[in-house]
Number of protein chains: 2
Amino acid sequence: MIARLLEDKVELDKDAIDILYNTGYFGRPRGNVLELSLVEAAYLLYREKISITMDSESLSFPEFFKIASMRHRYFELKYIVYKDLKERGFYVQPSVADFRVYPRGGHPGKTPARSYVYVRSERSSVSITELMKSLNTVSNVRKQMILAIVDEESDITFYEVKKISISGQMEQFNDNLNAESSLLEDRVIVWDKKASSDLYNKGFYGKPLDEDRLQLSLIESAYLLEKNLIQIKDRERDKVLDSDYFFNKASEIEPEFSIKYHVYRDMREKGLVPKTGFKFGTHFRLYIDIESPKKIPHSEYLVHAISENHIFILPIMSRAIRLANSVRKRMVFALNYNGNYEYIDIGRVKM
Amino acid sequence: MIARLLEDKVELDKDAIDILYNTGYFGRPRGNVLELSLVEAAYLLYREKISITMDSESLSFPEFFKIASMRHRYFELKYIVYKDLKERGFYVQPSVADFRVYPRGGHPGKTPARSYVYVRSERSSVSITELMKSLNTVSNVRKQMILAIVDEESDITFYEVKKISISGQMEQFNDNLNAESSLLEDRVIVWDKKASSDLYNKGFYGKPLDEDRLQLSLIESAYLLEKNLIQIKDRERDKVLDSDYFFNKASEIEPEFSIKYHVYRDMREKGLVPKTGFKFGTHFRLYIDIESPKKIPHSEYLVHAISENHIFILPIMSRAIRLANSVRKRMVFALNYNGNYEYIDIGRVKM
């Protein structure tokens, strides 16, 4: 079959509809012709199902590939992903996301598409705004959102992006301990033995400095101070610090404090126990419930707080997810988006 | 025993030398007195071995701790690490690095110190220049260099930092294939079947696009071009690209290209096979030898190329190392330092 290369598509005569569309769901019938995207055309040319002409001259695979690469941004990446999916037996259609993919055993006309696949180069970056928009579009039509990231050696990693909601069983801590504590360089120490023990054992706040005293992180201290559960003094003159002053001070010590703090508070309010995720390179590891500090369960989530303006650098995102998965945890990015806290779970999937 | 707090140290009378130094190696005898660092003093105060006075007034633990925290930067962090090491039975002495630590069973006067421990907060950053200087100092006296990083919840992670040399058994590839290939958007495709097969099978370059054609990364392409092994044309006019032009073009596409490329070349010249480490969030995964692409061995190293001006953000460094270790690999940072390529292995250790 002979196909004609037009501007950004390839066109075949009517008989192709029967052969390519009705049997393989390639292209889209438009009246008397069948239209193929450049990616579909390259694949059919490689499979020697069609030949392609431009101005009546036949094009070799390299010739067509180079032209397509100039006419369609990221053509090579899309071709690599398309070919991979086709060769693993999926029906794939071009769409507003790069591709709509049908479930195994399904095809256009028989079943709805299952996934919307967005193809990106590891070198490009993806803003959370862009991701949330795509995710909302895809969720509205109840599809699965897939990011297919092609690395510099053309290996593909598929990630599923989804919103999740998590809540915990940790009870709120309501005693006003009013315990004296001091802000030292970048942490707070609770000097009172009883308060130290209560905070640690009942709320899983902080870490013991020794048998009598507890160290709190800035985040934990700010939360306990805001809830009026502790009293924090400065180290120099034992002046009592108010919540605003402490918040500003903590933000000076740690530039991301505010972003982290709001997510921390949201999680605590939902009955969850966030603790530092430093060893995993993220802001928090998250516990659903902690009965006793002596019996700490497996934490199922790593949570990284991001701002509404966050830009994902893909190799860094890839590393975070890979690491989370390697310790049997889910990687979750949390942000305040249009006034709501959203928890976005991004995980590798096999397609 | 009564100790007197002076400016940045604590002093005890002569009898303390016998009790604290000769039996526990606390402090340093100076003529008729024993001098303790603030950290040692806080620990002995906590252990109730000494009491501390300032201007003849006795200080409580919180009082002394707050004063010490104001007089000695990162006092709390150092105290946390010191206490941890002491409680696990090590003899520890203050030093130019924060601490000198003696091997298990060893102590001052009996055995030389084994490790120099540098204490850092996860919030501080560490420049590679600073790290190389410390590493050179420590290596010159044949000690082990340890970074003790204290996270915001006061957990300590110990990292050993060391130089390593790695070489491989991959033979250099010497045929001039002169095979035609094209630079597309951000990768190169080799169109020739024989050359594609040779590059992939004999040198483990690239990744097959299909049975006949090979995709090369920018890094691989630049190296093969510099070695005169391939010919690269532009996609528009089939103009042959020279090495300099290609290098500049690649640097436009990928800002870190130059840093990565020089490390890549050094590794290839040493008979190693670097491939992309994208899935691990690093520049390269590294093979010592590849007999055949059908039998790819476990890669033991992840390598990240950095510049001489690199600043380690500690949570990011922590994540990279944790991830490497979780897939049974060593994390190595590679750089050109004063004209030599240095490979710095940073790994978690139990102390």
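Reader: Is Glu11(B) buried or exposed?

Author: Glu11(B) is buried, at a relative accessible area of 19%. Buried means under 20% relative accessible area, exposed over 50%, and partly exposed in between (1.4 Å probe, protein chains only). This is a predicted model, where local features need pLDDT of at least 70 and side-chain atom pairs count only at pLDDT 80 or more, while totals for chains, interfaces and linings use all residues. Residues are numbered from 1 along each chain as its sequence is written, chains are lettered from A and ligands numbered from 1 in the order in which they are written, and side-chain values use heavy atoms, with hydrogens and water left out.

Reader: What does the side chain of Glu11(B) meet?

Author: Its partner is Arg4(B), in a salt bridge with N to O at 3.4 Å. A salt bridge here is a side-chain nitrogen of Lys or Arg within 4 Å of a carboxyl oxygen of Asp or Glu. Arg4(B) is partly exposed, at 29% relative accessible area.

Reader: Why do such side chains pair?

Author: Side chains of opposite charge can pair when their charged atoms come close.

Reader: OK. What about Arg187(B)?

Author: Arg187(B) forms a salt bridge with Asp186(B), 3.1 Å from N to O. Arg187(B) is buried, with a relative accessible area of 1%, and Asp186(B) is buried at 6%.

Reader: Which residues are linked in a network with them?

Author: The network of salt bridges links Arg187(B) and Asp186(B) with Glu254(B), Lys260(B), Arg123(A) and Glu152(A).

Reader: How many salt bridges are there over all chains?

Author: The structure holds 66. Across the interface of chain A and chain B there are 14. One example is Lys207(A) with Asp155(B), at 2.8 Å from N to O.

Reader: Which helix gives the most to the chain A side there?

Author: Helix α10 of chain A, residues 314–326, gives nine residues to the side that touches chain B. Helices are DSSP runs (H or I, at least four residues), numbered from the N terminus.

Reader: How many residues does the contact take from each chain?

Author: Chain A supplies 70 residues and chain B 69, with contact meaning heavy atoms within 4.5 Å.

Reader: And how much area is buried?

Author: The two chains bury about 6,500 Å² between them, 51% of it on carbon and sulfur atoms. Buried area is the accessible area (1.4 Å probe) that two parts lose on being put together, summed over both.

Technical notes
Helix = DSSP H or I, 4+ residues; strand = E, 2+ residues; numbered from the N terminus.
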